Amino acid sequence: MRLTKYAHSCLRVEHDGGVLVVDPGVFSDAAAALDGADAVLITHEHPDHLDLAAVRLQLDRQPFPIHGPASLGETLGDAADVLRPVSVGESFTAAGVAVRAYGGRHAVIHPDIPVVDNLGYLINDVVYHPGDSLVVPDETPVDTLFAPIHAPWSKFSEVVDFIRAVAPRRAYALHDALLNDNGLGVLDRQYTALSGTEYQRLEPGSRVDV
């Protein structure tokens with residue numbers, strides 16, 4: 001598989017001629033990520049993971065299924081007919097790629113803020129994208145983890161423990177658009193030192209083969 005890391009939490013997966021896009025949100029170049037997409041995975045409804053305008057525009061050009069929590073139907077509105085609801089523990093195929101869903105709920109931001117549905121996705125039994133959660137896919141080895149390194153709901157020590165618990169061969173930074181260069185520098189050094197695996201932050205547009 002070839003992965004292109006767009007800004008924040010967006011990944012583009014190309015495999016055997018298929019194109020699968022994960023979380024094309026408003027902090028990423030969603031239009032570029034979605035170009036030619038055969039299917040889309042959405043972890044949850046927040047706009048930094050779902051750029052609704054960009055998704056609708058691409059659907060008008062080339063229809064594709066969207067896989068995600070059933071609660072996305074309300075967010076998608078008149079585009080809800082393309083939603084393929086996914087349940088926790090479900091395995092399915094999207095753009096010819098095997099996917100398994102984990103988790104179920106977004107991490108708590110604050111008790112006064114409603115908790116929405118969130119799914120983590122294990123892609124082709126190789127790459128894990130947890131969305132906005134620190135759910136460990138128990139009894140499932142993960143080769144490549146995309147770890148949310150910074151968020152209003154996260155704590156550095158919890159993310160370090162999450163990476164260690166998943167124990168991937170390598171980890172790439174995810175959910176990093178709210179950081180400036182100072183914050184990125186500090187967190188990159190700390191995750192490199194403490195995560196217990198090969199850690200790297202990819203610049204937007206970077207491609208890796210897994």
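Predicted model: local features only at pLDDT ≥ 70, side-chain atom pairs only at ≥ 80, totals over all residues.
Is R169 buried, partly exposed or exposed? At 47% relative accessibility, R169 counts as partly exposed, where buried means under 20% relative accessible area, exposed over 50%, and partly exposed in between (1.4 Å probe, protein chains only). Residues are numbered from 1 along each chain as its sequence is written, and side-chain values use heavy atoms, with hydrogens and water left out.

Let us begin with the charged pairs. Side chains of opposite charge can pair when their charged atoms come close. A salt bridge here is a side-chain nitrogen of Lys or Arg within 4 Å of a carboxyl oxygen of Asp or Glu. Searching the whole structure turns up eight of these salt bridges. R169 takes part in one of them, with D143 as its partner and 2.7 Å between the closest N and O atoms. D143 sits in the loop between β10 (127-129) and β11 (144-148), and R169 in the loop between α4 (156-166) and β12 (170-174), so this pair ties together parts that are 26 residues apart in sequence. The helices (H or I, at least four residues) and strands (E, at least two) are DSSP runs, numbered from the N terminus.

Now move to D117 and R105, whose side chains meet in a salt bridge of 2.6 Å, N to O. This pair links distant parts of the chain: D117 belongs to strand β9 (residues 117-123) and R105 to strand β8 (residues 97-105), twelve residues apart. D117 is partly exposed at 27% relative accessibility, and R105 is partly exposed at 46%.

The salt bridge between E14 and R12 has an N to O distance of 3.7 Å. Here the two residues fall in separate classes: E14 is partly exposed, with a relative accessible area of 26%, whereas R12 is buried, with 12%. Elsewhere, D188, R201 and E203 are linked in a network of salt bridges.

Next comes the sheet. Strands of a sheet pair through backbone hydrogen bonds, either parallel or antiparallel. In this model, two strands pair if DSSP finds at least two bridges between them. Seven strands form an open sheet with mixed pairing, in the order β6-β5-β4-β3-β2-β1-β14. At its edges are β6 (83-85) and β14 (206-209), each of which pairs on one side only. Neighbouring strands of this sheet are turned by 25° against each other on average, direction ignored; the axes are lines fitted to C-alpha atoms, for helices over the stretch in contact, and angles run from 0 to 180 degrees between N-to-C directions.

Look in particular at β1 (residues 2-5) and β2 (residues 11-15), which run antiparallel and are joined by four bridges. In this pairing, L3 stands opposite V13 in β2.

Finally, two histidines deserve a look at their backbone. H8, in the loop between β1 and β2, has a positive phi of about 65° although it is not a glycine. H8 is buried, at 1% relative accessibility. H175 lies in the loop between β12 and α5 (181-194), and its phi is also positive, near 60°. At 2% relative accessibility, H175 counts as buried.
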